[in-house]
Amino acid sequence: MGQLSGPTDPTVDAHWEHNHPRQGFFTDTSICIGCKACEVACKEWNHNPRDGNLELLGSSYDNTGALGASTWRHVAFVEQGQERIAEARESGRALVNLGMPRIGPPSEPDPLDLSEVDTTPPDTPDFRWLMSSDVCKHCTHAGCLDVCPTGALFRTEFGTVVVQDDVCNGCGTCVAGCPFGVIERRSDGTAAVAAQREEQHAEHPAVPNVGVAQKCTLCYDRLLTDETPACAKACPTTSIKFGDHEDMVQTARERVAELHAKGLTEARLYGANELDGVGGTGSVFLLLDEPEVYGLPPDPRVPTADLPRMYRRAGVAVAGMLAAAAVAFLGGRA
Amino acid sequence: MVPEPEFTSYYGRPVVKPAPWGDDVAIYLFLGGVAGGSALLGLGGQLTGRPTLCRNARLSALTAVSLGAVALVKDLGRPERFLNMLRTFKVTSPMSVGSWILSAFSAGTAVSAVAEIDRLSGMRLPLGPLRTVLQAAEGPAGIEAALFAGPLAAYTAVLLGDTATPTWNAGHEELPFVFVSSAALASAGLAMITTPVAEAAPARKLAALGVVGDVVAMRVMERRMDPVAAEPLHEGKAGAMLKWSERLAVAGGLGALLGGRNRVVAAVSGLALLGASALTRFGVFEAGLESAKDPRYTIEPQKKRLAARRAAGIVDDAITTAK
């Protein structure tokens, strides 16, 4: 058993003896155009059945909904007006200034302190679309993997987290264990089909892996042959980048600094901090607003980080129960 | 002063996913508790010379754990899927630990209960020479089952606490105390129904202790949880179930203490206690599922704790960073 929290190399933790560098994504949402090529490529390559019933969800151009058992890339669309853009810029600026020393009276402006600088970019739009391709985070401390009772979920030599369909028993514990709501038990891909589409759907192939947990494998099969994952390969704007995790984090840091220098203080990284609640994520994102705007948790924490404490508390509770039973039998026959 | 967090979400869609568990799992939480508590009562009866209490508690334990296992397997879909969990032992997985606890508990419970069934049937089970073995093993088996009884009652609390489901996770410190108390009062209630009052005194005491533990642990849990994450415990169906659970527990506990020497009062109080425990399990279970369906329960407590850490000067552990 490796560490349950804090910075670590998950591949080493999982006792892999190879020296593959950890692989990961960097999804730069500032250049995402919402084309959904990643969603399509992912479905095609992984033979994932359709989710839902081709309904319009009334959420801008997002009719996919969310990540799930059969949707391993999900492009979020958010429409924002001027007010919300200003708020995003402000919350990003606060993040830049976070931790800057503030002792004593206001001092000389710090060259890195952007709070007083006029950083209004020349072309502030009064409307914007946020588009972001979400994916499994392949956490350093993966809640799903930790709680899996069968060993179906495992850490690959690339540091990613993958389900073995033939080992999974469909218990569903991982679904509740994921702080990002990524992994899901597959029911079946084509439930509740409208009557007039019946014939069309009769031709659909049988849904594979019904009843077992499914999620992004970071195209494990492709990685084994040195191929780029399908989504990154298909992305026309290089919004989805793939490579060594270290390089991805480096690229992300350079990109966010570049955007800040242009006055786009709303840009921020998500998952690039190994001190966060999941030990950093394998999939790093550059976001242009608070994470919850994209449906991401603002302060995720892998539940297993607290597991030793939970076991201790349960131990005390068990001792209490035994004590209560002992007391109940003491004192002879009442 | 921590600023009030604002709440935004992605079209109101949930951030985390609820466990895909049906009522079978809630039933298992309840029956596992009943089984665990009954095994303890069985051992108590065994060690203090209360043969009727011992017999009834052992049979109750076997019945409850068998029905519980059926509920569990029903949720998994196929029996071999349970066996799939016994391929490995993973201490980081409360489900894995629990499957071993359940197996170990069932072994001892089955041996001690079969010995009782054999005696009840006038030694008519076709055991042959195995009868001697069974009779020699039933005492140690009762002890073995009792060893795993507490863990059986408590591990399900860890199973729920060790999830990203907001209400369960927020209660992870106290949930084990709620669950063992609930197990104690339920099994005591069942013994008060099955066992004549002359031998049921320990059950009455255990019931009273269980009720006190249950009410106190639940209150402490609710107070220590993030208030937003605690909301589902008070609202809707879950809220109603938990409210009635407390009422039934208190009524059953008082009944056991004040009128437990009357067979009818004892049985009615026992029923109330069983009902209270079932409602506790269903209420906590349901509240958690509800909390996973509304993004507010995930986002608000997280924003609040992040802001609190920042206000305390801890600024290096957020998932969102400027560089």
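Me: Which residues does C144(A) touch, leaving out those up to four places away in sequence?
Reply: This is a predicted model. In it, C144(A) touches L153(A), V161(A), C174(A), G177(A), C178(A) and I183(A). Each counts as a contact because the C-beta atoms lie within 7 Å. C144(A) itself lies in helix α4 of chain A, residues 143–147.

Me: Why is C144(A) called buried?
Reply: The cut-off is 20 or more other C-beta atoms within 10 Å. C144(A) has 27. So C144(A) counts as buried.

Me: What makes C178(A) buried?
Reply: C178(A) has 30 other C-beta atoms within 10 Å. The threshold is 20 or more, so the label holds. C178(A) is in the loop between α5 (173–177) and β6 (184–185) of chain A. Its contacts include V16(B), K17(B) and A164(B).

Me: Where does UniProt place the feature "binding site"?
Reply: The unreviewed entry puts it at C136(A), C139(A), C144(A) and C178(A). These positions are spread over 43 residues of sequence. They still cluster in space, with a largest C-alpha distance of 11.0 Å. The annotation may be inferred rather than shown by experiment.

Me: How many bridges join β9(A) to β1(B), and what makes them a pair?
Reply: Two bridges join them. Pairing needs at least two, so β9(A) and β1(B) qualify. They run antiparallel. Y270(A) stands opposite T320(B) in β1(B).

Me: How do you know that β9 and β10 of chain A pair?
Reply: They share three bridges, in the antiparallel sense. At least two are required, so they pair. L269(A) stands opposite L286(A) in β10(A).

Me: What is the order of the strands in the open sheet?
Reply: Five strands run β8(A)-β1(A)-β10(A)-β9(A)-β1(B), with mixed pairing. The edge strands are β8 (240–244) of chain A and β1 (320–321) of chain B. They are edges because each pairs on one side only.

Me: How many residues does each chain bring to the contact?
Reply: Chain B brings 74 residues and chain A brings 72. On the side of chain B that touches chain A, α5(B) gives the most, with eight residues. That side divides into 37 nonpolar, 23 polar and 14 charged residues.

Me: What share of chain A counts as buried?
Reply: Of its 334 residues, 50% do. Chain A has 10 helices and 10 strands.

Technical notes
Residues are numbered from 1 along each chain as its sequence is written. Chains are lettered from A and ligands numbered from 1 in the order in which they are written. This is a predicted model: local features need pLDDT of at least 70, side-chain atom pairs count only at pLDDT 80 or more; totals for chains, interfaces and linings use all residues. Helices (H or I, at least four residues) and strands (E, at least two) are DSSP runs, numbered from the N terminus. Two residues are in contact if their C-beta atoms, placed from the backbone, lie within 7 Å. Ala, Val, Leu, Ile, Met, Phe, Trp, Tyr, Cys and Pro count as nonpolar, Asp, Glu, Lys and Arg as charged, and the others, Gly among them, as polar. A residue is buried if 20 or more other C-beta atoms lie within 10 Å of its own, exposed if 12 or fewer, and partly exposed in between; C-beta atoms are placed from the backbone.
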